[in-house]
Each structure stands twice: as structure tokens, then as C-alpha cells.
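Dear colleague,

I am passing on a structure that I would like you to look over when you have the time. The model follows directly below, and my notes come after it.

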Amino acid sequence: MQMPLPDAGVLARKDRLVARLSQVLPPVALIDDPAETRAYECDALTAYRCAPMLAVLPSSTQEVSDVLRICHEEGVPVVPRGSGTSLAGGALPTADSVILGVARMNAVLETDYDNRIIRVQTGRTNLSVTGAVEEESFFYAPDPSSQLACAIAGNIAMNSGGAHCLKYGVTTNNLMGVTLVQMDGTVIELGGAHLDAGGLDLLGVICGSEGQLGVVTEATLRILRKPEGALPVLMGFDESEVAGACVSDIIKAGVLPVAIEFMDRPCIRATEAFAHAGYPDCEALLIIEVEGSDPEIAHQLSLIKEIAARHHPVELREAADEDEAGRIWLGRKSAFGAMGQINDYMCLDGTIPVSSLPMVLRRIGEMSKEFGLDVGNVFHAGDGNMHPLILFDANKPGDLEICEAFGAEILKLCVEVGGCLTGEHGVGVEKRDLMLFQYDLVDLEAQLTVKDVFDPAWLLNPAKVFPLEVTETRRARPMAAA
Amino acid sequence: MTGGVAPRAPQSILTKKKMMMTPQSEADLCDAVRQAEGPLAIRGGGTRLTGQAGELLSVAGLSGITLYDPGALTMVAQAGTPLAEIEAALASENQRLAFEPMDHRALLSTVGAPSIGGIFAANISGPRRVQVGAARDFLLGVRYVDGMGQAIKNGGRVMKNVTGYDLVKLMAGSWGTLGVLSEVSFKVLPRPETEATLRFAVDGAGSAVQLLSAALGAPYEVSGAGYDPAQGAALLRIEGFADSVAYRAGKLSTLLAAAGAVDLVDDPAKSALLWAALRDVAPFRDALGDVWRISCKPSQAPELTARLEAEALLFDWGGGLIWALVPEGCDMRARGGAYDGHATLMRAAPETRARLGMFQPQPAPLAAIEAGLRAKFDPRGIFNPGLMG
């Protein structure tokens, strides 16, 4: 993978930059020792690493504004960072960049149950947002797998989803307002406690812009009252196609489960060996969760079971109580860890129309043989967001490259059937060079012009989202191999 | 904004009625935009926006459902497809547009058929917005023609998509000022088995909004929360399977019993009429005066509406959406003072509209960003110029 060559001029200005930043930040918030900046050399996409020139950990919107203004004046690239859990390399530094981490900004600023909102600093973790309101039986709906660690800042940058999107939507559907600091230090407010911000939907553009348009320091989030209860049902099938058809029939029947999760045989086996959840050994497994009061849950489950029965499941297991529900979810929640026990893996995130599931699963199986790498599938079937996990050996020369080539073919297939490259992880550096599979140059140009408006000098989160050759004239920097 | 515009073609001076361009394909639409020599008034079904300066450019010729995948809860349609056609297709599969777009015709005295492109371009959402989100939350992908006459796509037809910047949201609610939508893909939802409405007798906006907030903060999935001061009635809608609706109606009645006398409208047809009337602001239909639409933080609604001195009010979205009927020419932005939200002038004489503007002016830094985006998407400034800033 290519990254821009560090700007020697910027590197030469390091001392001056440190001096200027130390006037607006306390010593604890400014990290310039190479031994310490190393901690920021990568995010959860660990295959690519590059230590930044500096890291800063501001504690207020004002400090973020000061840092950005100074970096803007000095012409220094800035890479915003939440908790560093990006699977797409969204927070991968360049050697001449300043990492701007929001981790110290984790306060709850306001909880307002009458208006059903919470306002937080964006360094706060996803799960602790719910933690702040669950005493009153409220919750924040988007629930990415990394929710224990991931920050709201990163959720907004990547428009994160989760297992319960089918009913509650993704981050953009639950984000009501932000405080955004532009690269020149200007602080702006978008939206707030009211629905539908005035003017153009800039909030909608900021969400999912991968930290390239500004740094979000505060967010107003929609909170919801917890349902009275929720229960999952587990069903196993002999064929993936049949499981896919079952999902489609349930949705068509007018039942809207809160989650529909899918695992295939390689994933089931790995999970069983790891978590002993007692899953049946079958070709495809669905976990379907519904919500409501006890009678409501019973009614929805009876409809789902009736539909499932028409597809002759090899197993259909209900949860009588929370304990059993926990066991049904245990395997699914351990799936990534279980696969990681076997091997290194690359987790893809392509999304496809639900109706194409059977065909895409079959093709992935064929490709697995062609490339000689195993793949397990575990994903959100209700919304078509796939997570093929390709297993490879990082210590074996050439394996990563084969894995990447295999991954690219899967993502091309997702686009061909009417889907997209990434459903919830973001493009980052990982899928940057695949963007032209999905978009023509003219489509990308429209997106680039948005960045031109928000960040005319192209300093924020460089070398992400768009193929380098497409952004070359704007960045006006030489390239070198990373 | 119209300075420097080329003189109109002779035939349009001769005919009293404005000429209207109706391209029949996206390629034609690109040509029409490319060849335009002055401002264009972008039109879907023509039911929401009238009186824009410029040559009329209608997308009515781009019509038809391109793809409907009920099992994936998605539909793709050309922008000019009439809403009625979309709704009929969805009804045949027992599905619907969950964001419940308002029909503006009666309120604005317009004729024509609302188009799906117009609905998304204007981000039109009804009472269910408070539960399921706005039109923009259902829009999955767009094709549009920019000010240079280029056809551009963004998003797709899947529910989760973070591939590149989300220009889909930007196009939703841009009222044709950034580009002309040619095709939209959107999420649909199952139609529930039945619905019912709880009607509480309440006295005053304060107690009404309190009741609506309590209901929306309860775990009973309220899908509509309105208040009509003229009737002294707060309305709550519950939808779903019949047993579940009955259960939740019972729970809500008990929970909110102290707030006022309650009656249950459990005939789904009668319930639906109540919400169609609120959605379309039916009580203001035949009344004289200007109509304002105000989005605010729900808890601020009682004090804000007291300041408006309106002749009539309607509350939706749990108090977060206020419709105000006021004497002609009054400036509700001035009267409203400071609150979290914004006011849109929906119905007024042309001179009032020219003086106050349809949309609330944005703070300077946001206005600068919006101007920057317009300059990129529509460098000649020909799409509905002046409408949004």
C-alpha cells in the first residue's frame, strides 16, 4: 500500500510546532517523544503502521480549536483519533502528521430525558453512553461490536452500525447535533436537540466523513427507552440458501426483528471450539431477536417459528430466560475472537441486497478454493451487511497479499450485485484503492469538492477514503511506498 | 440572483404560461441543464414549491419504479414517479413509506401529483418521524444531475453503506438547490397489522407536551405524538399486531391517566384519518393567514408558542414540530426569539416570502460552508437560486 512521502519541510518545523502547541496545551497533552508517539502508530488494522510526528490529547473544544489553528497555519496534516479501534485504518498516521486524540474528552455534558437526548464529549465510549442513561432505563441504540472500547468520535467518523440497525438505524440516524472544529480552528454547531437541522444537511455529510471534514468534539445523541424485554431464537439450516430465504420471508411477513445474525459452518465450528455455546453443527445458523413485552415477544416468535418451519430447520432453539438468551448470543459475540484463535484474519464489511445472500455466499465459497484461503461468514443478515473473515498467516510471506486480493474480489462481487464496499467499518486506507469499483471518477469528484469546501488545504486525515492518484493534485505531495 | 441572466427566448415572452422543460431521460436532463442559459425552477410534482424564478424544469418525464425488492425492504424509482404509484406498489406487498410524507396540496392550494423525488428533495416527513426518522433517514441512494449537467451517483440500495461521503443526506432537504434528482433508492417498511389512537383531554401546551414526552419516553413504541389546542386533545398513535396494540394502549392509558380523560380510537380507519389530518395540517387549510413550520426542542414548545401570538397552532413530533397560523406578513423568527431550532415560512404572499425568506438564515460560518458547496455543485447558480441562501 502506498502512503504519501512525509513532507520534509513539515518534519523540519517539528520543534517550532511543539513550541507553539505547548503554549495552548498542558505538558501531559503533548507527546513528542518517539518512544511514546509509537503508541499511535496504528489502529485495529495492525498490518499497517507508521508513527506520527506528534500526538496531542486536548481536553476541550477550545484546545482542539487551538491545535487545529496552529497546525493549519503550519501546514501540518492532522489525523483525528477516537479510541483507535478502526478496522479500516481510519486513524493510521503519516510520519509528518499530528495525531489528535479525543480520549481525554469523555464527559457527559447533559442528559435530558424529556427531550430524549444526551450530549457528550466525543471521546466517550459507545457503551458508556448507554451506561450514563441506563439507570433511567434508556439506551443509545448503535452498538458496534467494539462498543466497550470505541469512541463516539470514531462512531460518527465512520457512521458505525451494529447488530440492532435493522430496527434502530446506524449512527447517522441517531445523531442529532455536533460541535465541529474546522481545520482552521473555526468552531461550528450543527443541529442540536431539535429534529432536522436547518439549512443543508451538513450533519448528514459530517457523519461518515472519516474525520476528513472536521473534528467532532461534542455530540447530541438520541436516546431511547429500553424495551420491556427481548429474546432471541436460534435456528440451524442445512443450506445457506435456505437460511437466506428464511430471512427474506420473515421480513416480507411484516415481522421486524431487532436483529438477524447469520453464521456459516466454518464460523460455527471455530466458535464452538472456543466458546462452547452449544451451537448445532450445520451449514448456516440464524439468531433472530425480537423485543417487547412477554406476550408481544411470544407472538412475534410464534410467527417467526411458523415461517422457519416451512424451511425445515435442523434445529430451532428458544430462550426461556435471560440466561438462555445469553448463551444463544455467546457464540455470535465470541465469533471474531474465535476466528482469531485459529489464525490471523481479515474482516471484510461489504453490504449486499439481502436477496443476493445465497448467491454471494456460494461465490465466496468457490473463491475460497481458488485463492486457497479459508473464509468464515458471520454477519448482520437483516440488512445485508456481510463480514467475511478471511483466514491467513501473517508470518507466511505472500499470504497477506493473497488475502487482500481475495478480499478485493469479494468486495467487487458485493458491488456487482448492487451492494457496496463497506457497510459500517469505513473506507480508511484499507478500501481506499477499491473506490473506483463502486464509483466513477465524476462521482468521486463530487465527494472531493465537499472536502475542498471544509478543508481547502487537504490537511485532515490525509491519504484515506479516496485513491491516492485521484487526490494527487489536491494533496500536491510526492508518493512513496509505506 | 437573477442579474446577468440571458434574455428569455421570444416564445416564452409571447406565451403567458411559463414554458416547461420535461426531459424524458437522465441524459436529456443533463442536456437541459447544460444548455440552460439562466435560472431553472426545479419541479417534481409541483405541489410544494411555487413562484420560483426561472425556466421550469420538471422531472415528471423521468417516471417509473426501477426495482422493488420487498424481501430486502428496498425500492428504486425515477425521481418523477408519482407518490401514488409508489404507494400502490408498496401496498400490494403490505409495505409502506414509514416516514409518512405530508401532502401539501390542500394547505398550499396547489394541484398536481406529489413525486417521490420532490419528497426526498424537500425531506418531507410526517408524524412518524418522531419514531422512525425523517425521509432523509430512509433515502439510501441518489442519482442527480449537477449544475454542470453531469450525472452523479452516491449511496446505493443497501441499508448500511459508509463507502465515501454521504451526499445522499446532502441532497435530501436541499430543495433542488444542489442538483436535480433523477433517481432515488430508499428503504421501505412492513405495514403494521393495525393502529389505534389514544386521545387525551388536556389543558394547555405545557401539560400536553409533558404528556407527549412521558409517552415517548415509555417503552410502548408510540409512532405519533401530537396536540391540537383547538380541540384540547393530545394524540398518541400505537401501531403493530392487534394484541400488541391493545396491550400498549392499555399500558399508556394507565401510565398517563392522571394527565386527562382518555378515549381510545381503535378503529384503524378512524385513527388513520386523525393522523392524516395532523400530517397535512388540515385545520389551517381554509383559514386565512401565513403558515409557519417550526422545528424546536420539544420542552421549549410551550414557551415558544406563547411568544408567537399565533391565531392557531398545531403540535406534532411530541412538541418538536409546531405549525403556526399567523396574520399575514408577521415575522415568526423575530417573535420566536431564542430557542433551539428554526422556522420555515411555508405559506405566504410573494412579497412576504421575498422579505422574510422561506428558510431561516444560517449563522455566518454555516452560511459560508453552504455557499461554498453551492459554488461547487452549481457553479452558475442556476438551481432554484436564492431559495435556501
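At what angle do helix α10 and helix α14 of chain A pack, and how far apart are their axes? In this model, which is predicted, helix α10 (residues 240–252) and helix α14 (residues 357–371) of chain A pack at an angle of about 155°, and their axes are 8 Å apart. Since angles over 145 degrees count as roughly antiparallel, α10(A) is therefore described as roughly antiparallel to α14(A), and the crossing of α10(A) and α14(A) is right-handed. On the side of α10(A) the contact is made by Ser240(A), Glu241(A) and Gly244(A), while α14(A) brings Leu357(A), Pro358(A) and Leu361(A) to it. By class, the residues of this contact between α10(A) and α14(A) comprise three nonpolar, two polar and one charged.

Next comes a strand residue of chain A. Leu286(A), which belongs to strand β15 (residues 284–291) of chain A, is buried because 27 other C-beta atoms lie within 10 Å, where 20 or more are needed for that label. Leaving aside residues up to four places away in sequence, Leu286(A) touches Met235(A), Ala243(A), Cys246(A), Val247(A), Ile260(A), Glu261(A), Phe262(A) and Ala381(A). Leu286(A) and His380(A) are 94 residues apart in sequence, yet their C-alpha atoms are 9.7 Å apart in space.

Ser137(A), in the loop between α5 (126–133) and β8 (138–139) of chain A, has a phi near 65°, which is a positive value in a residue other than glycine; with 15 C-beta neighbours inside 10 Å, Ser137(A) counts as partly exposed. His312(A), in the loop between α12 (294–310) and β16 (315–318) of chain A, likewise has a positive phi without being glycine, in this case near 50°, and His312(A) counts as exposed because it has 11 C-beta neighbours inside 10 Å.

Finally, there is the interface between the chains, where 68 residues of chain B are in contact with 73 residues of chain A. On the side of chain B that touches chain A, helix α15 (residues 364–377) of chain B gives the most, with seven residues, and by class that side has 28 nonpolar, 24 polar and 16 charged residues.

With best wishes

Key: Residues are numbered from 1 along each chain as its sequence is written. Chains are lettered from A and ligands numbered from 1 in the order in which they are written. This is a predicted model: local features need pLDDT of at least 70, side-chain atom pairs count only at pLDDT 80 or more; totals for chains, interfaces and linings use all residues. Helices (H or I, at least four residues) and strands (E, at least two) are DSSP runs, numbered from the N terminus. A residue is buried if 20 or more other C-beta atoms lie within 10 Å of its own, exposed if 12 or fewer, and partly exposed in between; C-beta atoms are placed from the backbone. Two residues are in contact if their C-beta atoms, placed from the backbone, lie within 7 Å. Axes are lines fitted to C-alpha atoms, for helices over the stretch in contact, and angles run from 0 to 180 degrees between N-to-C directions. Angles under 35 degrees count as roughly parallel, over 145 as roughly antiparallel, 65 to 115 as roughly perpendicular and the rest as oblique. A crossing is left-handed if the near helix is turned anticlockwise from the far one by less than a right angle, and right-handed if clockwise. Ala, Val, Leu, Ile, Met, Phe, Trp, Tyr, Cys and Pro count as nonpolar, Asp, Glu, Lys and Arg as charged, and the others, Gly among them, as polar.
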